[in-house]
Amino acid sequence: MGIKKDLSVSGDKKRIMLITPMLHQGGFERICVLTARLLADLYDVYLVVFTMEDAFYDVSGIRLIDLHLGAVQGKLGKAVNLLRRARELSRLQRELDIDVVYSFGQTANMANALSSHGSGRRHRRINKIAACHSFGEIGVRNYMDLILRRTNHVICCSKAMAEEVRERYHTQHVDAVWNPCDLADIRRKMTGERPAAFGEIFSGEERVIVSMGREDDVKGFWHLIRAFGRVQEQLPGTRLVIIGEGSFDEYRELADKIGILPQVIFAGTQRNPFPLLAAGSVYALTSISEGLPNALVEALAAGLVIVSANCRSGPAEILHGDWQQAQSGSGVQYADYGVLTPALSPRKDLQVRMADGKICLEEAEEALAGAIITLLQDRELYRRYSERAQERAMDFSAEKYKEAVIRLIEA
């Protein structure tokens, strides 16, 4: 694959290559595109993807290079594909005279680590940065050994993840950089028109609980639907809206078994979810594990009051000033910027058990439902958290992320 001439830019600016496997709807893909835009005023930025299949994000105005090296099947095929990606990246780095390579996601990080360390005719050494976004990722020893050995900086999206990498791999070769949230863009999008199909949900006095995430067991949506069954028992008329990619068929069936299906709306993928978010009352997160959940920060930026399961990483760090204290806490915690409830079981339970006409819940689900009910009934507590939400979102601003990344680029 050759380089189009219009991709080459002359001048003294450093040249930055950003790498992401795809541009489908996902957390680190969004961050990669936002990074390209944030750095464009200071550097010559090139965005490299392995494939543009199912691309979701707007990349207009960004210098984009598609390697046409999407995923393949089989261990041997994957190994060969990885080496081809690394070889193509090495060639691009030489042709474009790249100074810094910043990769997002496990497959991009491996290709980054295996690509050449020198660039251009002077064969100067490249500054390599690899970003990790989940605990599952940092738990793969061979992978982590590779990127720790062959990159200059490993970024974790949460302090808890960075601390675990330091302890597990006995290294200081890691930095914590919170994911960016484009607050101005979110506030602009919040004023957009809600899809007509959902207008009636927000038109009355109904209290609306909102959650966002793809259909994936790690998001724990069965816990949310079961807990919402208890909320419905005590606060009839409350609605639940789940925004995200997937059919959610088994969750529809669960809601139907509980008898709350008419009150649960599966909104699907939304290019602009923020009008729906902004019209909600409470944002609920029921993930089994997270790195640093972007959706939680976006909900804060939209001014929603938060109730979140205190899962392995992320919510405690976002919702409390002393994240280590909050992470190790138990029970329901009325934290600085939202309510933390006990971590939820990873065991998927789509059964419905009733006693005396009421749904039977796990202890952590009961705590989640109780916290939502308290916030919807206690107006003063609700007001206080609503005011603090956007204040906290400022700590995750794109400007602060940009400053942190520039420090690593210039290191």
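These exercises work through salt bridges, nonpolar cores and a helix contact in one structure.

The model is predicted, with local features needing pLDDT of at least 70, side-chain atom pairs counting only at pLDDT 80 or more, and totals for chains, interfaces and linings using all residues. Residues are numbered from 1 along each chain as its sequence is written, and side-chain values use heavy atoms, leaving out hydrogens and water.

**Exercise 1. A salt bridge within a helix**

Task: Find how E95 and R91 meet, and decide how accessible E95 is.

Solution: 
- Start with the rule: a salt bridge needs a side-chain nitrogen of Lys or Arg within 4 Å of a carboxyl oxygen of Asp or Glu.
- Apply the rule to the pair. E95 and R91 form a salt bridge, at 2.7 Å from N to O.
- Helices here are DSSP runs of H or I with at least four residues, strands are runs of E with at least two, and both are numbered from the N terminus.
- Check accessibility. Buried means under 20% relative accessible area, exposed over 50%, and partly exposed in between, with a 1.4 Å probe and protein chains only.
- E95 is partly exposed because its relative accessibility is 43%. R91 is buried because its value is 17%.

**Exercise 2. A salt bridge across the chain**

Task: Locate the salt bridge partner of D217.

Solution: 
- The partner is K348, with the closest N and O atoms 2.7 Å apart.
- This pair links distant parts of the chain, 131 residues apart. D217 sits in the loop between β10 (208-212) and α8 (221-234), and K348 in the loop between β16 (339-341) and β17 (354-355).
- D217 has 40% relative accessibility, so D217 counts as partly exposed. K348 has 28%, so K348 is partly exposed.
- Now the wider count. The model has 28 salt bridges. A network of salt bridges links R226, R347, D349, R353, E362 and E365.

**Exercise 3. The nonpolar cores**

Task: Which residues touch the most other members of the largest nonpolar core?

Solution: 
- Define the core: buried Ala, Val, Leu, Ile, Met, Phe, Trp, Tyr and Cys residues joined through side-chain atoms within 4.5 Å.
- The largest core has 57 residues, and C132, I138, M144, I147, L277, Y283 and I318 touch the most other members.
- Helix α11 (residues 294-301) supplies the largest share of this core, six residues.
- Another core lies apart from it, with 39 residues, among them A309, V339, L361 and I373.
- Go back to I147. Not counting residues up to four places away in sequence, I147 touches N109, A113, A130, C132, V154 and H173. Contact means heavy atoms within 4.5 Å.
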